[in-house]
Amino acid sequence: MKLRRLTAQIVGYAVRTIRLRARAAPKGTHSVFYPLLCGGLMLIMTVAVADENRELPPAPRAFIADMARKHAFEQNALIRLFQQVSPQPTILERIAKPAEAKPWHVYRKIFLTEARIQNGAVFWREHAQVLSWLQDRYGVPAEIIVAILGVETGYGQNTGGFGVLEALYTLAFEYPKRADFFRAELEAFLLLCREENVDPLQPKGSYAGAMGLPQFMPSSYRRYAVDFDGDGRRDIWRDANDAAASVANYFTAHGWRAGESITLPATVAGNGHGALLDGDLKPHHPWSALQAGGIQTTVDLALGTPVKLLALEQPDSVGYQLALHNFYVITRYNHSPLYAMAVYELGQAIKTRL
Ligand SMILES: [Ca+2]
């Protein structure tokens with residue numbers, strides 16, 4: 001990249017000099033200086049082209065060969081495309097520090113802000129008809145759809161400024177820990193660009209390649225994005241209704257159950273609950289087992305209801321929740337109980353402002 005910038009500066013300087021010389025020279029004459037400069041310029045251009053044609057490392061080359069074999073992409077076109085992006089250190093720094101590593105009371109404050117609650121109510125009022133239609137059609141509560149868009153991008157205010165191709169390229173080939181995941185997303189991204197007739201260099205997104213108001217990864221976009229207004233485009237970048245419908249469709253496809261609760265407040269007595277706290281996101285203990293462990297909640301649940309006990313860190317204490325099936329479905333959007341809890345609480349808070 002440095003070489004390219006330097007070359008651009010030299011070329012710019014040479015072009016300016018030629019213009020100045022041309023203006024200074026009398027009409028119909030060519031100074032000796034002119035062909036010399038042109039020759040020099042051509043040499044410099046060759047250097048610039050050589051940079052554009054830099055050899056790609058083995059991993060992207062193998063990936064390109066796969067894309068050609070599996071999906072009939074033209075290898076040279078992909079080589080030229082990949083030569084236009086370079087791994088970004090900022091992206092690697094960002095992915096090493098996920099917000100989910102924070103305790104709940106710190107995490108919660110990031111998303112449950114007055115502005116996000118207020119703006120959520122504004123967004124809901126502006127799209128009330130569509131949200132109500134989506135709630136009927138998909139069974140996903142409007143407050144959950146709105147809260148997802150709020151947590152992800154502040155209702156579209158911050159959809160990310162990284163080139164999606166550059167982000168996915170960086171993570172696919174420079175982040176070994178999740179290389180398989182990001183190579184699959186890069187594959188999905190190239191496919192979606194071909195399917196939707198999008199220039200791969202255009203879409204912007206998060207440092208992880210998540211796109212648009214709902215921050216869909218490319219594979220999710222291909223499977224779940226919805227063209228709500230029927231204009232032939234699944235425009236999750238600019239069309240809030242397409243984005244909202246895509247979120248509802250995502251949750252339905254992941255097993256959302258209309259009318260069921262998401263999470264319930266719980267209290268614990270004694271130490272019997274310790275054994276029930278585990279890293280599994282799925283509610284896999286029957287309610288009867290939790291009751292036997294001294295846990296109580298506010299409603300009568302059937303004894304066989306699968307539940308998960310959540311411990312949420314407060315500054316000086318721990319709060320407990322009983323996460324139910326629909327809570328698990330929210331974690332299909334982002335595999336974190338803190339994320340699902342923030343979405344739930346934000347949705348509830350917005351609802352009180354309508
Ligand atoms: Ca559309």
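Reader: What makes Ala72 count as buried or exposed?

Author: A residue is buried if 20 or more other C-beta atoms, placed from the backbone, lie within 10 Å of its own, exposed if 12 or fewer, and partly exposed in between; Ala72 has 8 other C-beta atoms within 10 Å, and is therefore exposed. Ala72 lies in the loop between α3 (58-71) and α4 (75-82), and has a positive phi of about 55° although it is not a glycine. This is a predicted model, in which local features need pLDDT of at least 70 and side-chain atom pairs count only at pLDDT 80 or more, while totals for chains, interfaces and linings use all residues. Residues are numbered from 1 along each chain as its sequence is written.

Reader: What makes α7 oblique to α9?

Author: Helices (H or I, at least four residues) and strands (E, at least two) are DSSP runs, numbered from the N terminus. The axes, which are lines fitted to C-alpha atoms over the stretch in contact, with angles from 0 to 180 degrees between N-to-C directions, come within 10 Å and cross at roughly 125° for α7 (residues 114-126) and α9 (residues 142-153). Angles under 35 degrees count as roughly parallel, over 145 as roughly antiparallel, 65 to 115 as roughly perpendicular and the rest as oblique, so α7 is oblique to α9.

Reader: Which residues of α7 and α9 meet, and how do they divide into nonpolar, polar and charged?

Author: Taking contact to be C-beta atoms, placed from the backbone, within 7 Å, Arg116, Gly120, Phe123 and Trp124 in α7 meet Ala142, Val146, Ala147, Leu149 and Gly150 in α9. With Ala, Val, Leu, Ile, Met, Phe, Trp, Tyr, Cys and Pro as nonpolar, Asp, Glu, Lys and Arg as charged, and the others, Gly among them, as polar, the residues of this contact divide into 6 nonpolar, 2 polar and 1 charged.

Reader: How do you know that β6 pairs with β7?

Author: Two strands pair if DSSP finds at least two bridges between them, and β6 (residues 306-313) and β7 (residues 318-323) have 6 bridges in the antiparallel sense. Leu310 stands opposite Gln321 in β7, and the two strands form a hairpin with 4 residues between them.

Note on methods: Two residues are in contact if their C-beta atoms, placed from the backbone, lie within 7 Å.
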